[in-house]
Amino acid sequence: MDDTFWMYQALGEAERAAVEGEVPIGAVVVRGEEVVGRGHNRREQDGDPLAHAEILAIREAAIAIESWRLTGCTLFVTLEPCAMCAGALVNSRIERLVFGARDPKAGYCGSLGDLVSDPRLNHRLAVSEGVLAEEAGALLKEFFASLRRNR
């Protein structure tokens, strides 16, 4: 199984978010050949500003492996993580991040800043970007176009 396979899993989570009326961002945490955490945006449903796909997937993974240290894990997410989520990736010791589309307005893994590679921090992670970026971007564009049409 390669990065594309796992990114399709994250896209499935993003599609669930869209069906629920949430911004369609999805994430999965993978260790070896197993998904140990899944998440999609739930900020509106939960009334929680922290309910980003990445945070929810990281929480689920920590419970599944019974440790806050997610060493040996890769997070696949459809959109470049924001500063909060990038900080969570560093603090959870995720080893690798794979994301789809860049986020020029809020992304903090290369766009506005690069928290996950900052040498001043005690942990850095490998980053791969652009995996299924067109599909992830199209899902977001259609979601926001639909919101504008329905106003």
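The text below takes up the strand pair, the histidine and the pocket in turn.

The model is predicted: local features need pLDDT of at least 70, side-chain atom pairs count only at pLDDT 80 or more, and totals for chains, interfaces and linings use all residues. Residues are numbered from 1 along each chain as its sequence is written, and side-chain values use heavy atoms, without hydrogens and water.

His40 belongs to strand S2, residues 34–40 (strands are DSSP runs of E with at least two residues, helices runs of H or I with at least four, numbered from the N terminus). Strands S1 and S2 run antiparallel and are joined by six bridges; two strands pair if DSSP finds at least two bridges between them. Opposite His40 stands Gly26. Two residues lie between the strands of this hairpin, where Gly32 has a positive phi near 65 degrees.

With a relative accessible area of 10%, His40 is buried (under 20%; exposed is over 50%, partly exposed in between, for a 1.4 Å probe and protein chains only). Its contacts (heavy atoms within 4.5 Å), not counting residues up to four places away in sequence, include Glu13, Arg16, Ile25 and Leu56.

The largest pocket holds about 520 Å³ of space. Ile25, Leu79, Asp103, Leu140 and Phe144 lie nearest its centre. Helix H5, residues 133–149, gives the most to the lining, with five residues.

| Class in the lining of the largest pocket | Number |
|---|---|
| Nonpolar | eleven residues |
| Polar | three residues |

Definitions and conventions:
1 Å grid on protein atoms, 1.4 Å probe; cavity = no way out; pocket = protein on both sides within 12 Å on 5 of 7 lines; lining within 4 Å. Points joined across faces, edges and corners; volume = space filled by probe spheres on them. Nonpolar A, V, L, I, M, F, W, Y, C, P; charged D, E, K, R; others polar.
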